[in-house]
Amino acid sequence: MDNRKIIQNTLDYIEDNLKAEINTAELCDMAGYSYVHFCRLFSYYVGLSPGEYITRRRLIHAVYDMSKGTTKVDIALSYGFETYAGFYKAFKREFNCSSSEFIKSYKSEKPYRINILQKEQIMISKNKTQKLLSHWNLQDENVSNIFNENTGRQSENAYYVGGDYVIKFSANYGSIKNSICIANSLAESGLPVAETIKTADGSDYLQDGELYFVVTKRIKGSQLKCEDIFKNTDIAYQIGSNIAKLHNSLKTFDESNYKQDDILGNVKSALPRVQNSVNLNDDFLKNFNIVYDKLPMQIIHRDINPSNMIFDEGEFKGFIDFDLTEVNIRIFDLCYCATAILSECFNNSDIDKSKWLEIFDNLVKGYESITPLSEYEKQALPYVIYAIQIICIAYFSQFDKFDNLTKTNIDMLKWIINNY
């Protein structure tokens with residue numbers, strides 16, 4: 001059995017026994033390794049020590065249980081904390097807020113299981129991050145977690161550094177390189193983006209082992225909440241116009257530096273895995289195929305979702321996270337943004353989903369206030385929406401931890417087909 005599988009077995013054991021007593025010596029015996037060798041392997045594959053990982057998983061599960069109404073004291077004791085005060089201190093140290101503040105600020109979703117066999121998992125402890133920040137002379141700044149304000153999920157590849165910076169890390173050098181290039185170029189063109197901060201020796205990034213680290217300025221404001229868009233659909237007009245402004249700037253970049261994607265080819269590959277889940281007739285692919293070659297292509301953001309749009313008191317402040325930037329049909333960003341807004345609120349019973357049609361319409365109108373769409377692009381909008389959903393469903397269905405997302409996106413595609 002390879003080392004990755006052994007560590008995965010350890011992670012599964014921890015997940016199934018979070019309310020029981022777990023110690024590192026016991027995990028070493030299960031793995032059949034010495035204490036030192038096991039801890040080294042665990043940290044290599046997971047990014048945290050066994051003790052740090054166990055504590056983080058207990059805290060994440062505990063706050064979810066609390067959000068469902070179980071008393072704080074009972075939860076703290078059930079997850080192995082001797083007192084609620086001990087739990088409070090551990091939670092505050094890990095998340096920089098109390099459990100009550102966390103539940104009030106973020107939507108709490110059931111934690112998904114970590115599976116390093118299915119998808120790369122990068123976890124870097126705050127202590128290690130603090131030490132690496134010396135390369136930017138920021139080692140005295142406080143390191144805190146970043147949470148998605150729509151889902152409550154903790155970012156797996158970034159931390160806030162003080163109040164003015166963000167540190168991101170990835171094993172994908174190409175992703176980091178493109179993100180730096182895009183951000184710096186857009187900043188030069190006057191668009192509000194998270195500019196890269198150079199290291200003390202003048203580099204744009206730091207390589208530490210197999211990981212690449214980059215520090216950027218933090219755009220003042222907060223992630224856009226989907227509920228706010230449904231309450232005030234005019235926000236979508238503002239988003240659409242800013243997507244168009246972004247596209248106009250990205251047009252000036254050299255496309256040869258970015259990978260080119262083929263959404264039509266992707267949906268043809270994904271459709272067989274999704275066909276049985278939704279009732280999508282044959283006209284969809286036929287009609288999409290007819291207009292596809294007539295759709296303008298250019299460099300796009302590729303991941304415009306509410307958590308990647310920063311607003312402050314109703315005013316747009318900027319896009320973040322250009323890690324997935326690529327060459328694609330330009331209406332992809334509009335359609336992806338629309339599906340992301342619906343996805344984040346789809347299971348919220350307090351939201352009137354029918355307003356999504358107005359939101360999408362305003363996105364398009366906002367875009368066209370800056371850059372008109374061609375008639376072929378207007379014809380293709382529903383096909384691109386369907387294609388994005390099909391590709392997402394096929395992707396999510398590969399991973400156990402995305403079971404809920406898979407179901408939500410299937411239900412969402414059915415709803416869109418019936419209503420759009």
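# Close-up views of a predicted model

View 1. Serine 241 touches Gly366, Tyr367, Ser369 and Ile370, once residues up to four places away in sequence are set aside. The model shown here is predicted. Serine 241 sits in helix α11. With a relative accessibility of 9%, serine 241 counts as buried. How far apart are serine 241 and glycine 366 in sequence and in space? They are 125 residues apart along the sequence, yet 4.3 Å apart in space from C-alpha to C-alpha.

**View 2. The largest nonpolar core and isoleucine 239.** This core holds 79 residues. Ile239 and Phe288 have the most contacts inside it. Helix α16, residues 375-396, gives the core its largest share, 13 residues. A second, separate core has 37 residues, among them Leu11, Tyr45, Ile54 and Phe102. Now look around isoleucine 239. Beyond its neighbours within four places in sequence, isoleucine 239 is in contact with Leu224, Ile229, Met309, Phe311, Cys337 and Leu363.

**View 3. The crossing of helices α13 and α16.** Helix α13 covers residues 283-292. Its axis and that of α16 come within 10 Å and cross at roughly 130°. That angle makes α13 oblique to α16. The crossing of α13 past α16 is left-handed. Which residues meet here? From α13 come Phe284, Asn287, Phe288 and Val291. From α16 come Tyr376, Gln379, Ala380, Tyr383, Val384, Tyr386, Ala387 and Ile390. By type, the residues of this contact are 10 nonpolar, two polar and no charged. Phe288 of α13 takes part in this contact, and Phe288 is also one of the residues with the most contacts inside the largest nonpolar core.

**View 4. Helices α2 and α3 packed at an angle.** Helix α2 spans residues 24-31, and helix α3 spans residues 35-46. Their axes are 9 Å apart, and the packing angle is about 90°. The two helices are therefore roughly perpendicular to each other. On the α2 side, the contact is made by Thr24, Leu27, Cys28 and Ala31. On the α3 side, it is made by Tyr35, Phe38 and Cys39. Six of the residues in this contact are nonpolar, one is polar and none is charged.

**View 5. Threonine 10 in helix α1.** Helix α1 runs over residues 3-16 and includes threonine 10. Is threonine 10 buried or exposed? Threonine 10 counts as buried, at 2% relative accessibility. Leaving aside neighbours within four places in sequence, threonine 10 is in contact with Leu27, Phe38 and Phe42. Two of these names return from the previous view: Leu27 of α2 and Phe38 of α3 belong to the contact between those helices.

**View 6. Histidine 61 in helix α4.** Histidine 61 lies in α4, which covers residues 50-67. At 14% relative accessibility, this histidine counts as buried. What does histidine 61 contact, apart from neighbours within four places in sequence? The contacts are Glu15, Leu18, Tyr79 and Pro111.

**View 7. Phenylalanine 147 in strand β1.** Strand β1 takes in residues 143-147, and phenylalanine 147 is part of it. Phenylalanine 147 has 5% relative accessibility and counts as buried. Lysine 177 is 30 residues from phenylalanine 147 in sequence. Between their C-alpha atoms lie 24 Å.

View 8. Arginine 302 belongs to the loop between β8 (297-300) and β9 (309-312). Its phi is near 85°, a positive value in a residue other than glycine. Glutamate 313 is in the loop between β9 and β10 (315-319). Glutamate 313 is not a glycine, but it has a positive phi of about 55°. With a relative accessible area of 82%, glutamate 313 is exposed.

View 9. Aspartate 262 counts as partly exposed, at 35% relative accessibility. Aspartate 2 is 260 residues away along the chain. The C-alpha atoms of aspartate 262 and aspartate 2 are separated by 36 Å.

How values were computed: Residues are numbered from 1 along each chain as its sequence is written. This is a predicted model: local features need pLDDT of at least 70, side-chain atom pairs count only at pLDDT 80 or more; totals for chains, interfaces and linings use all residues. Side-chain values use heavy atoms; hydrogens and water are left out. Helices (H or I, at least four residues) and strands (E, at least two) are DSSP runs, numbered from the N terminus. Buried means under 20% relative accessible area, exposed over 50%, partly exposed in between (1.4 Å probe, protein chains only). Contact means heavy atoms within 4.5 Å. A nonpolar core is a set of buried Ala, Val, Leu, Ile, Met, Phe, Trp, Tyr and Cys residues joined through side-chain atoms within 4.5 Å. Axes are lines fitted to C-alpha atoms, for helices over the stretch in contact, and angles run from 0 to 180 degrees between N-to-C directions. Angles under 35 degrees count as roughly parallel, over 145 as roughly antiparallel, 65 to 115 as roughly perpendicular and the rest as oblique. A crossing is left-handed if the near helix is turned anticlockwise from the far one by less than a right angle, and right-handed if clockwise. Ala, Val, Leu, Ile, Met, Phe, Trp, Tyr, Cys and Pro count as nonpolar, Asp, Glu, Lys and Arg as charged, and the others, Gly among them, as polar.
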